[in-house]
Amino acid sequence: MGKLLKIENLSKEGILSSVSFEMEEGEMLAVMGPSGSGKSTLLYQAAGMDAPSGGRVWLKETEITGLDEDGKAALRLHRMGFVFQQMNMLANLNILDNILLPAIQAERSRRKKTGGSRDVKECANRGMNVNRSRGAKKRGPGKSVEELTQEARALMEKLGLSGLEERRITQVSGGQLQRACICRSMMNSPEILFADEPTGALNQSAAKEVMEELMKLNREGTAILMVTHDSKVAGCCERILYLLDGRIRGELRLGKMTAGADNRNPKKMTAGADNRNPGKSAAGAGTLNPAGEEFWAEKQREKKVKEWLSRMGW
């Protein structure tokens, strides 16, 4: 795995002060801290959605802070995905069409650059049902609307949303809607997913569903940088940064949370001096069934996060 994201001395007047860190390909990293500490600002600046007053950001070989607004927009469209607490779905489109929109926008962008002539103009008309509009036949490089629709349906099936394609956003649960947002964010196969409080507006059950899906995507290779206040959510990540008054004040390394029995062994999920009692194990852990092992692992990781946050003064 190589370096994916590099942030160097990132600053925003009155909010961030010389923040620096790196992310590896396929890493899952959480940023925590009190309200007003600069977490969301950091996320938006890392994604090129907000201009810093100082510092530089790279996505692999591309310096994001060196791009103009069009370049940043193209980078976000083709190489990044986003999941927000406010889900930003269009109320006049059904679930499937909402998922398709960024992929069709990306296809139009590619055609514009290559001079292609594929007609996917239907996505520009709000309220038009993209998957039912006149079929675009494949003429040259890229993907047709039909191909993109097949991919969207496959993602929906993967995330347990089959049968909801025609529903409006007001006709599904919060957890289902957030999973639809994850589908939308994955349509362009991003290298990194930015998530700002992805479970913040959800109940406990829906939050668990969403985190399970994000962890599956991460195990498949998508890097995730998320902001969260939830120690249980942060415990699913390999690494956590603690932000206070616009500066990184601490780091906790938990290691990858793998599926199944490996999670019951803290030695396999902890690394670094920040972690206490790496060899400590619960009595009888070896006799737990897989569901019990995962529950035990989640509790242990959540406990470590809470203890660490307490040491950080939060």
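These questions and answers go through some salt bridges, strands and cysteines in a predicted model.

Q: What makes K6 and E8 a salt bridge?
A: Their closest N and O atoms are 3.8 Å apart. The cut-off is 4 Å between a Lys or Arg side-chain nitrogen and an Asp or Glu carboxyl oxygen, so the pair qualifies. A search of the whole structure turns up 22 salt bridges.

Q: Why is K6 called partly exposed?
A: K6 has a relative accessible area of 33%. Partly exposed covers the range between the buried limit of 20% and the exposed limit of 50%, so K6 belongs there. E8, with 27%, is partly exposed too.

Q: How do you know that E27 and R239 form a salt bridge?
A: The N to O distance is 2.7 Å, and the limit is 4 Å, so the pair counts.

Q: What makes this a link between distant parts of the chain?
A: E27 is in the loop between strand 2 (16–24) and strand 3 (28–32), while R239 is in strand 9 (residues 239–244), and the two are 212 residues apart.

Q: Why do E27 and R239 count as buried?
A: E27 comes in at 7% relative accessibility and R239 at 6%.

Q: What makes R79 and E191 a salt bridge, and where do they sit?
A: Their closest N and O atoms are 2.5 Å apart, and the cut-off is 4 Å, so it's a salt bridge. R79 sits in helix 2 (residues 69–79), and E191 in the loop between helix 5 (174–186) and strand 7 (192–196), 112 residues apart. R79 is buried at 16%, whereas E191 is partly exposed at 23%. Both also belong to a salt-bridge network with E25, K60 and E61.

Q: Why is R184 described as having no salt bridge?
A: The nearest side chain of opposite charge, D97, is 12 Å away. R184 lies in helix 5 and is buried.

Q: What is R184 in contact with, leaving aside neighbours within four places in sequence?
A: The contacts are M87, N88, M89, N98, I99 and P102.

Q: How do you know that strand 1 and strand 2 pair?
A: Strand 1 (residues 3–12) and strand 2 are joined by 6 bridges, running antiparallel. Pairing takes at least two bridges, so they pass. L5 stands opposite M23 in strand 2.

Q: What makes strand 2 and strand 5 (62–63) edge strands?
A: The sheet is open, with 4 strands in the order 2-1-4-5 and antiparallel pairing. Strand 2 and strand 5 each have a single partner strand, so one side of each has no neighbour in the sheet. Helix 1 (residues 39–46) lies across strand 1, strand 2 and strand 4 (54–59), at about 125 degrees to strand 1.

Q: How do you know that C183 is in no disulfide?
A: The count for the structure is 0 disulfides. For C183, the nearest cysteine sulfur is that of C181, 9.2 Å away. The limit is 2.5 Å, so C183 isn't bonded that way. C183 is buried, at 0% relative accessibility.

Q: What about C237: why is it in no disulfide?
A: The nearest cysteine sulfur to C237 belongs to C236, 6.6 Å away.

Note on methods
Residues are numbered from 1 along each chain as its sequence is written. This is a predicted model: local features need pLDDT of at least 70, side-chain atom pairs count only at pLDDT 80 or more; totals for chains, interfaces and linings use all residues. Side-chain values use heavy atoms; hydrogens and water are left out. Buried means under 20% relative accessible area, exposed over 50%, partly exposed in between (1.4 Å probe, protein chains only). Contact means heavy atoms within 4.5 Å. Axes are lines fitted to C-alpha atoms, for helices over the stretch in contact, and angles run from 0 to 180 degrees between N-to-C directions. Lys and Arg count as positive and Asp and Glu as negative; His and the chain ends are not counted.
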